[in-house]
Amino acid sequence: MEAGEEPLLLAELKPGRPHQFDWKSSCETWSVAFSPDGSWFAWSQGHCIVKLIPWPLEEQFIPKGFEAKSRSSKNETKGRGSPKEKTLDCGQIVWGLAFSPWPSPPSRRLWARHHPQVPDVSCLVLATGLNDGQIKIWEVQTGLLLLNLSGHQDVVRDLSFTPSGSLILVSASRDKTLRIWDLNKHGKQIQVLSGHLQWVYCCSISPDCSMLCSAAGEKSVFLWSMRSYTLIRKLEGHQSSVVSCDFSPDSALLVTASYDTNVIMWDPYTGERLRSLHHTQVDPAMDDSDVHISSLRSVCFSPEGLYLATVADDRLLRIWALELKTPIAFAPMTNGLCCTFFPHGGVIATGTRDGHVQFWTAPRVLSSLKHLCRKALRSFLTTYQVLALPIPKKMKEFLTYRTF
């Protein structure tokens with residue numbers, strides 16, 4: 001889609017389950033994820049099942065210009081023919097999903113050393129966070145279970161790998177803790193982060209691997225150091241539970257979404273609140289007395305860092321441009337729970353309460369040279385380092401995202 005157009009529904013996947021399962025409240029798609037190279041899609045389709053689907057989907061669903069890029073990244077890297085869809089039976093309701101970065105050479109040595117029966121074909125793994133507090137690690141190419149990580153006392157709600165490829169995994173749980181695991185050390189638990197007073201809903205690691213953000217059913221958001229695993233600061237500003245968070249691709253911005261119907265954009269280095277995006281009622285016929293009608297469920301950045309997507313309980317997927325205070329596009333979606341962008345852009349995947357996954361067109365835009373420069377600089381300069389540069393004030397404001 002061009003910027004400003006409404007998102008189009010490209011495809012919808014529905015779980016094929018027998019009717020006797022319908023009475024159980026375990027059919028939700030709590031999590032969807034693309035592998036970092038864009039060659040796989042993981043869908044927690046409810047009833048303890050995760051589907052691993054080679055991407056892209058069948059050709060008739062793929063918009064022009066999208067297929068070529070995805071296919072080449074998939075088949076040239078593997079060179080072993082077409083990968084097959086896999087079904088992972090996790091034995092427990094699946095809440096969180098995360099792919100490891102790609103490629104990740106240390107993991108190839110890990111699996112070869114500890115699992116000689118596993119063919120050494122791929123180093124991509126998928127972590128699944130389960131209802132009983134377990135985390136299961138699967139090899140994507142084979143669908144084999146590699147590791148079972150135990151430690152959490154309650155639902156593992158979210159998972160995040162460090163983007164650097166070090167195979168450090170962070171898990172967020174209803175037991176009010178975050179845990180750090182090292183998959184290069186056979187899944188050893190290396191740290192427990194305590195301090196939250198409510199269930200931890202979401203964890204996100206900054207792309208530069210320096211910070212970890214965690215959102216629990218609290219009004220404040222915790223920012224941790226990924227180097228020392230200590231609390232850097234609490235971000236105060238929301239009026240209700242924060243349930244989702246995401247860093248921009250250059251690590252310069254952090255967005256948080258709350259049941260208070262607001263997304264707040266922060267400077268994670270200074271703790272400053274840069275702006276709020278308010279989810280106002282679109283349909284006046286809807287009853288405003290329901291305070292949770294616009295409660296947010298999920299927020300995520302687009303891969304080039306110029307857009308956000310949000311899913312709320314008012315049955316809408318919204319797309320926001322970074323520079324604007326109102327959404328640039330809406331799509332109707334019922335019972336949305338989660339959303340994520342395809343890593344090469346152009347598509348958003350959303351998961352719903354009834355176990356469906358929908359794929360939508362997302363804005364395709366050429367980043368301006370200014371934005372590309374800002375992104376390149378901010379990938380290795382903190383806000384304080386930018387402010388110390390001997391450059392004009394207006395340039396500093398642009399580089400620190402203060403020109404909204």
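**Close-up views of a predicted model**

**Figure 1. The loop that holds P56.** In this predicted model, P56 is found in the loop between β4 (49–54) and α1 (67–78). The peptide bond joining W55 and P56 is cis, with an omega of about 5°.

**Figure 2. H47, a residue with a positive phi.** H47 belongs to the loop between β3 (40–46) and β4. Although H47 is not a glycine, its phi is positive, at about 55°. With a relative accessible area of 8%, which is under the 20% limit, H47 counts as buried.

**Figure 3. N335, another loop residue with a positive phi.** N335 is placed in the loop between β25 (329–332) and β26 (336–341). Its phi is about 60°, a positive value, and N335 is not a glycine. The relative accessible area of N335 is 39%, so this residue is classed as partly exposed.

**Figure 4. An open sheet of four strands.** The strands follow the order β14-β15-β16-β17, and their pairing is antiparallel. β14 (200–205) and β17 (231–235) form the edges; each has a single partner strand, so one side of each lacks a neighbour in the sheet. From one strand to the next, the twist averages 20°. In general, the strands of a sheet pair through backbone hydrogen bonds.

**Figure 5. The pairing of β16 with β17.** Strand β16 (residues 221–225) and β17 run antiparallel and are joined by four bridges. Within this pair, F222 stands opposite K234 of β17.

**Figure 6. The buried side of helix α3.** Which residues of α3 (residues 369–378) are buried? They include H371, R374 and R378. These residues cover an arc of only 60° around the axis, and therefore lie on the same side of α3. An α-helix has 3.6 residues a turn, so residues three or four places apart point the same way. Among the elements that cover the buried residues of α3 are α4 (383–387) and α5 (393–399).

Figure 7. In residues 126–148, the end C-alpha atoms lie 12 Å apart, and the span is 65% strand and 0% helix. For residues 149–184, the distance between the end C-alpha atoms is 13 Å, with 50% strand and 0% helix.

**Figure 8. The protein chain as the setting of these views.** The secondary structure of the chain comprises five helices and 28 strands. Of its 404 residues, 60% count as buried. The accessible surface comes to about 16,600 Å², and carbon and sulfur atoms contribute 53% of it.

Key. Residues numbered from 1 in each chain as written. Predicted model: local features only at pLDDT ≥ 70, side-chain atom pairs only at ≥ 80, totals over all residues. Heavy atoms only, no water. Pairing = 2+ DSSP bridges. Helix = DSSP H or I, 4+ residues; strand = E, 2+ residues; numbered from the N terminus. Axes fitted to C-alpha atoms, helices over the stretch in contact; angles between N-to-C directions. Buried < 20%, exposed > 50% of the residue type's maximum accessible area, 1.4 Å probe, protein only. Areas by Shrake-Rupley, 256 points an atom, 1.4 Å probe, with all protein chains shown as cover. Arc of directions from axis to C-beta. Contact = heavy atoms within 4.5 Å.
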